[in-house]
Amino acid sequence: RISAMALPNKQAWVLVGREAVGRRWFSSTSVHLERKRGVFVAATGQHHGKTTVTLGLVSALLRKGIKVGYQKPVGQQTVPIECNGDVLQVDRDVDIFKHVWPQLIGRYRDASPVAFPPNFTRMVLDGEVQSHELRERTIDSFNIIYDQSEYVVAEGTGHIGVGSIVGLNNAQVAEAIGLDVVMVAPGGLGVSFDQLAVNHAMLQHYGVKLKGVVLNRVAPGKIDMVTEYYTKALKTIHVPLMGVIPENDTLAQPSLRSLKKLLDCEFLCGEEHELRHFDHTRLIISIKEFPRNPLQPKSLLIAHTSRLEVLLALIRQNQDVLKATGTDLESGVILVGSPPEQDVVDALRESGIPALFVEKGNFDGTGFKLLEKVLGFTHKHHKQDVTRILRTCEHVEKYVDVDAITA
């Protein structure tokens with residue numbers, strides 16, 4: 001079916017239908033042409049810093065007094081939100097942005113128009129859900145936010161190809177809502193640019209402009225070199241470099257809440273410190289490895305529950321530092337093994353040291369596999385951790401050319 005739809009505020013008409021042509025889904029929903037008041041933030045892969053850059057961009061625009069709309073057109077990880085008596089499943093990033101900045105334009109249902117529940121892919125392939133209807137819902141929701149905002153930031157999901165199997169990959173979505181893309185890529189040269197090239201090719205296939213690139217988590221000692229040579233590489237595809245964000249280990253460290261979920265374990269004590277994160281992580285096998293001088297502040301220790309002497313040494317040092325400075329070590333413990341004695345847990349609680357407990361059967365008894373998993377984990381933002389989110393925004397704003405992105 002082909003229908004002619006008048007475009008709002010445009011002296012033009014466009015023919016659109018409900019047919020898939022070359023995997024480009026066309027919709028009977030009217031779309032704005034030549035959008036200038038928005039950008040689609042995408043990434044070359046998962047955990048490359050897409051949400052981090054989006055946070056910084058939204059924060060910078062709000063501080064300029066701009067009425068900002070935010071949308072995550074397609075979401076994969078959802079959380080329940082009660083809204084006007086209904087319980088909606090919305091993308092977790094939408095929940096974070098709306099929690100930190102309630103003034104953002106867009107109702108929850110418009111900010112998160114499409115979310116993938118379990119078995120969603122099979123539902124689409126079986127014809128129970130129609131891709132063109134999802135596309136129309138995305139466009140309708142975006143138009144509502146766009147018409148109420150002075151600028152809209154849309155955030156993608158994963159790499160550009162995510163969502164292809166249901167006809168809603170990031171390139172298709174950006175094309176549908178008419179926004180150029182700013183791509184976030186990992187710090188580096190060869191591998192980073194190779195990943196960018198693959199994602200750029202998909203954008204080109206759907207006729208979407210790559211407006212610029214932001215590099216995230218670049219080693220501080222390589223900032224100048226990476227900036228120089230990545231700029232040269234980008235000139236070969238006529239795309240500007242719009243930001244080089246240095247790595248910040250403090251902001252990247254996971255919180256105890258994240259580790260609890262990662263390790264599928266529970267708090268023994270100190271759950272009120274669930275947002276505490278650490279600058280140092282150490283596996284302590286015996287008391288001989290425990291430092292005689294005070295432990296470094298913000299240290300996370302991994303120890304077997306049988307190492308009572310290690311725990312007592314930690315408690316003693318924490319009390320000594322608190323008495324001398326008025327501030328404790330802000331440490332934490334992950335205990336692995338058999339359930340510890342209650343008096344040990346009580347002592348940790350009284351000292352203000354949060355502790356997670358991991359049963360021995362889930363990891364090797366030495367703790368090496370647990371340490372490897374902790375060190376290899378990528379931090380995800382939590383809406384309750386507003387302080388760290390705002391620090392992340394400050395860090396991003398220092399190194400990203402917001403004016404170039406929004407021009």
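A residue is called buried here when its relative accessible area is under 20%, exposed when over 50%, and partly exposed in between (1.4 Å probe, protein chains only). The model is a predicted one, in which local features need pLDDT of at least 70 and side-chain atom pairs count only at pLDDT 80 or more, while totals for chains, interfaces and linings use all residues. Residues are numbered from 1 along each chain as its sequence is written, and side-chain values use heavy atoms, leaving out hydrogens and water.

View 1. F142 and Y146 are about one helical turn apart, because they stand 4 residues apart in helix 5 (residues 131-148); helices (H or I, at least four residues) and strands (E, at least two) are DSSP runs, numbered from the N terminus.

**View 2. Paired aromatic rings.** Rings of Phe, Tyr and Trp (its six-membered ring) pair if their centres lie within 6.5 Å, with planes under 30 degrees apart counting as stacked, over 60 as edge-to-face and the rest as tilted. The count comes to 5 aromatic pairs. F116 and F120 make a stacked pair, at 4.6 Å centre to centre and 20° between the planes, and both residues are buried. The F142 and Y146 rings are also stacked, because their centres are 5.8 Å apart and their planes lie at 25°. Elsewhere, look for Y70, F97 and W101, which form one aromatic cluster.

**View 3. Charges over rings.** A charge sits over a ring if NZ of Lys or CZ of Arg is within 6 Å of the ring centre and within 35 degrees of the ring normal. R37 lies over the face of Y146, 4.1 Å from the ring centre. K98 lies over the face of Y108, at 5.6 Å from the ring centre.

**View 4. The surroundings of F40.** Here is F40, a residue of strand 5 (residues 38-43). F40 counts as buried because its relative accessibility is 1%. The C-alpha atoms of F40 and A154 are separated by 4.7 Å, although the two residues are 114 apart along the chain. Beyond its neighbours within four places in sequence, F40 is in contact (heavy atoms within 4.5 Å) with residues including P73, A154, E155, N170, V173 and I177.
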